[in-house]
Amino acid sequence: MPPAKALSLDDPRLRQALTSRSVVCLTGAGISAESGIPTFRGPDGLWKRFRPEELANFDAFLANPELVWEWYRYRRDKIGSAQPNAGHRALAAWQDRGPGEFHLITQNVDGLHQRAGSRDVIELHGNIWNDRCLECGRMQESDSSEVAGVPQCECGGKMRPDVVWFGEFLPEAKLEKSFDLAAACEVFLLVGTSAVVQPAAGLPVLAKRNGACLIEVNPEPTPLSDRADFNFFAPAGEVLPRLLEAGS
Ligand code: OAD
């Protein structure tokens, strides 16, 4: 755990960054932690005895679809009863505030950014409330009345959650757009992600290489902390409203 740092917003370069007209933000599970949703690699990240990598992959689904669905239903339950927190709301307000561009890219599948009012959210890993048929590819919104078993498509195929699993490609158009935005932005906000899962973790690296100011918000250091221009080692729900206010 890094030493607790007072949240100093006095640096003129930081002030300038916070009023930039060209901001891209990448979020991870940490932004939803204060809404009560466990992060993947945090102390509550394990479900039963499984690590996320053991369940969020296609082979695991083929071997035991009931188990994988049980895990997704557990997560849907948690997400369904959660509310967006001050961090989500600050990012939505930042986008609304204008002028200029504020693009939000998330690795989260929980939809809490949209519920907080963020628009045009790029969901790199999909959305947990959508299902997709393994056979015919048909998509449908999840049926929350189903409490057990493997949902079936009308074609008879098995439905899977329409999220990206380990070893799968991210949706190409979303990924391309994200890299374009990262390459062109002035400020890149990296919030609540361990920054270890590719290709998302490559976005801040590209932004920084192209001259963006990198601001990281995370109570813990990450592999990218040393590259950040500004680090706020504190929860997103505390930091983001202060950053928003400082730039207003
Ligand atoms: P992780 O669980 O790997 O990391 C969560 C990060 O949030 C950690 O660095 C924590 O220190 C930080 N954190 C915890 N509480 C926080 C708070 N209140 N405010 C800010 N940060 C906080 O989650 P991700 O980085 O999102 O992918 O994981 C990336 C991907 O790996 C996920 O999208 C998922 C996962 O397996 C797939 O399922 C494909």
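Buried here means under 20% relative accessible area. Keep that cut-off at hand for this tour of a predicted model.

**Stop one: F61 and W165.** Select both residues. F61 is buried, and W165 is too. Their rings make a tilted aromatic pair, 5.4 Å from centre to centre with 40 degrees between the planes. Now trace the chain between them. F61 belongs to helix α3, residues 58–63. W165 sits in the loop between β6 (159–163) and α7 (172–184).

**Stop two: Y72.** Pairing needs centres within 6.5 Å. Y72 lies in helix α4, residues 65–80, and 93 residues separate it from W165. This pair, too, links distant parts of the chain. Check burial next. Y72 has a relative accessible area of 2% and is buried. W165 also counts as buried, at 2% relative accessibility.

**Stop three: the cluster.** F61, W71, Y72 and W165 form one aromatic cluster. The model has four aromatic pairs by the pairing rule.

**Stop four: the charges.** Which residue lies over the face of W71? Select R75: it is 4.6 Å from the ring centre of W71. Then go back to W165 and show R160. The charged end of R160 sits over the W165 ring, 3.8 Å from its centre.

Conventions. Residues numbered from 1 in each chain as written. Predicted model: local features only at pLDDT ≥ 70, side-chain atom pairs only at ≥ 80, totals over all residues. Heavy atoms only, no water. Phe/Tyr/Trp six-rings, centres within 6.5 Å; stacked < 30°, edge-to-face > 60°. Helix = DSSP H or I, 4+ residues; strand = E, 2+ residues; numbered from the N terminus. Buried < 20%, exposed > 50% of the residue type's maximum accessible area, 1.4 Å probe, protein only. Lys NZ or Arg CZ within 6 Å of the ring centre and 35° of its normal.
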